Amino acid sequence: QGKIGIYQAGMDGQQVSVLIKDNLRWPNSLALDEYTNRLYWCDGHKGSIEYYDFETTSRHVVFSDHNRQPYSVAVFEDSLYWSDWATNQIEVCNKITGHHMKPLIMDAKDRFFGLFVYHPEVQAAARKRPLFNPCDLSPCSHLCLLQLGATHYSCHCPDNMKLSPVNNQTCLSNLVVPPPAIVTSSPIDWTSSTGPPPPGNVFW
């Protein structure tokens, strides 16, 4: 929509709404903590990391330091990890208080970009909840995308293809149509579980 903010929508791109719009400058990265239903982001211009609590619909600052430039953020268990372009380090702190801050990787020659945690427990919160994915039984030939709330879906097609007007499920070649314009966006995260935030959401 052309304005700085953190937005949410169904995975099919419909029902777009703004989640955070005030006091943002460079929201570089997002990370969803499914255990606490909180969405974290870092702002490189403000040198801050904050989170939005879906349970209380409130916003909290973990830390803010204008001498820092956090670029990418990840959350795991009780810790928050981020790459810092001001120090060329990967650092860690408590995900709620910001205490016990320390560097994990120091004196890197290059800047760190995307930062992700790979561990079996990362998706444990989703696995412990009963899940229903309507796309499991969908007749879509190529792409099945969840709508907001994850109770319904819509079929979509890759570039240069279009849905058949006969059933709106089968993708047909459509090479005469140019591909859609590329839109630049910050890293995203999404929900797959039940409960707040609404499942089937994508954030950017």
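In the predicted model, D65 is placed in the loop that connects strand 6 (58-64) and strand 7. With a relative accessibility of 27%, D65 is classed as partly exposed, because the partly exposed range lies between the limits of under 20% for buried and over 50% for exposed. When residues up to four places away in sequence are left aside, D65 touches K46 and G47. G44 lies 21 residues from D65 in sequence, and the C-alpha atoms of the two are 10.0 Å apart. The side chain of D65 also places a polar atom 2.9 Å from the backbone nitrogen of N67.

Strand 7 and strand 8 (residues 79-84) run antiparallel and are joined by six bridges. Within this pair, V75 is located opposite L80 of strand 8.

A side-chain contact to the backbone involves V73: its backbone nitrogen is reached by the side chain of S29 at 3.1 Å. S29 itself is located in strand 3 (residues 27-33). The relative accessible area of S29 is 3%, so this residue counts as buried.

A further antiparallel pair is made by strand 1 (residues 6-10) and strand 2 (residues 17-20), with three bridges between them. In this pair Q8 is found opposite S17 of strand 2. The two strands, strand 1 and strand 2, form a hairpin with six residues between them. The turn of this hairpin contains G13, which has a positive phi of about 85 degrees.

Three disulfides are present in the structure. Counting bonded cysteines along the chain, their pattern is 1-3, 2-4, 5-6. In the disulfide formed by C135 and C144, the sulfur atoms are 1.9 Å apart. The link of C135 and C144 is left-handed, with -85 degrees about the S-S bond. C135 has a relative accessibility of 18% and is therefore buried, since the buried class covers values under 20%.

C140 and C155 form a disulfide with a distance of 2.0 Å between the sulfur atoms. This link of C140 and C155 is left-handed as well, at -75 degrees about the S-S bond. C140 is situated in the loop between helix 1 (124-127) and strand 11 (143-146), whereas C155 is in strand 12 (residues 153-156), so the pair ties together parts that are 15 residues apart in sequence. C140 and C155 are both buried.

For the disulfide of C157 and C171, the sulfur atoms are 2.1 Å apart. The torsion about the S-S bond of C157 and C171 is about -100 degrees, and the disulfide is therefore left-handed. C157 occupies the loop between strand 12 and strand 13 (161-163), and C171 is in strand 14 (residues 171-173); the pair therefore ties together parts that are 14 residues apart in sequence. C171 is buried, with a relative accessible area of 7%.

Two further cysteines were examined for accessibility. C42 is buried, at 0% relative accessibility, and C93 is buried, at 2%.

How values were computed
Residues are numbered from 1 along each chain as its sequence is written. This is a predicted model: local features need pLDDT of at least 70, side-chain atom pairs count only at pLDDT 80 or more; totals for chains, interfaces and linings use all residues. Side-chain values use heavy atoms; hydrogens and water are left out. Helices (H or I, at least four residues) and strands (E, at least two) are DSSP runs, numbered from the N terminus. Buried means under 20% relative accessible area, exposed over 50%, partly exposed in between (1.4 Å probe, protein chains only). A polar contact is a pair of N or O atoms within 3.5 Å; within protein, one must be able to donate a hydrogen and the other to accept it, and residues adjacent in sequence count only if both atoms are side-chain atoms. Two strands pair if DSSP finds at least two bridges between them. Contact means heavy atoms within 4.5 Å. A disulfide is a pair of cysteine sulfur atoms within 2.5 Å.
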